Amino acid sequence: MARTKSGDRDDPSARERILLAAERLFAELGFTATPTSRIAEVAGVPKGLVHYYFRRKRDLLTALVGRLPDERIDVASVAVPGDLAESLRRLVAEHDRRLSTSRVLSHLLWREADTHRAVRDALRSRHGELVRQVRAVIVTAAGPNALPEADVDGAAALVALAVGYRHSMARHEDDASPGEMERELEFIANALTARAATAPSVPGGGLH
């Protein structure tokens, strides 16, 4: 095994090259079928440097999770009071925009989640954040107390599942086209609006 020189360890770009190589190879070959020697070769570093930065190969996956785009979105920037459908469209579009910078990474992490707990836990946390965002957007668009809590929770879970599924499959640019969920979002918004119309009147409700 080639020895790792101190100069290699001081190269600020080495860790980044290793992660880029791992992302590419894990996507092409799968995690299990990718040896660290191949990652080192593609990254242009000694194999020992891979283990210097990442003691175990699965630590590379954990580091790659941290490269996913920030999933937190300012609800006020996407919610349109009184327009549920447009609010949901804007939220999904913003998530899609962020996904566009990491389609391959998102796809491979979802693929590896079944066998790597750290990846699974991170994706579960991101899903929970997405559910909270959808819920907040619905409440902001509809107005406080305009909809039954159970309906809001159900709609938020449904939209989050649909978005998560699309992102898990979106390896190529055409796999998550902006208008792909238009009909589904319109259906959910109309169903919520209809429910609001038949629900008992609550002071402060925002949908009319």
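Tutor: Let's start with Asp 151, which counts as buried because its relative accessibility is 19%. Buried means under 20% relative accessible area, exposed means over 50%, and partly exposed lies in between (1.4 Å probe, protein chains only). Keep in mind that this is a predicted model, where local features need pLDDT of at least 70 and side-chain atom pairs count only at pLDDT 80 or more, while totals for chains, interfaces and linings use all residues. Residues are numbered from 1 along each chain as its sequence is written, and side-chain values use heavy atoms, with hydrogens and water left out.

Now, which residue does Asp 151 meet in a salt bridge? The partner is Arg 195, at 2.6 Å from N to O; a salt bridge here is a side-chain nitrogen of Lys or Arg within 4 Å of a carboxyl oxygen of Asp or Glu. Asp 151 belongs to helix H10 and Arg 195 to helix H11 (residues 182-198), so their pairing ties together parts that are 44 residues apart in sequence. Helices (H or I, at least four residues) and strands (E, at least two) are DSSP runs, numbered from the N terminus. Arg 195 itself is partly exposed, with a relative accessible area of 44%.

Helix H10 has another link for you to find. Glu 149 forms a salt bridge with Arg 135, with 2.2 Å between the closest N and O atoms. Glu 149 lies in helix H10 (residues 149-169) and Arg 135 in helix H9 (residues 117-142), so this pair ties together parts 14 residues apart in sequence. Glu 149 counts as exposed at 52% relative accessibility, and Arg 135 as partly exposed at 24%.

By the salt-bridge rule, the count comes to 18. One of the others joins Asp 70 and Arg 72, where the closest N and O atoms are 3.0 Å apart. Asp 70 is partly exposed, with a relative accessible area of 37%, and Arg 72 is exposed at 57%.

A contact means heavy atoms within 4.5 Å. Among contacts between residues at least 6 apart in sequence, 73% join residues at least 24 apart.

Leaving aside neighbours within four places in sequence, Leu 19 is in contact with Phe 54, Leu 60, Ala 63, Leu 64 and Arg 67. Phe 54 is buried too, with a relative accessible area of 3%.

A charge also turns up by a ring: the charged end of Lys 57 sits over the ring of Phe 31, 4.5 Å from its centre. The rule asks that NZ of Lys or CZ of Arg is within 6 Å of the ring centre and within 35 degrees of the ring normal.

To return to where we began, Asp 151 is buried and pairs with Arg 195, which is partly exposed.
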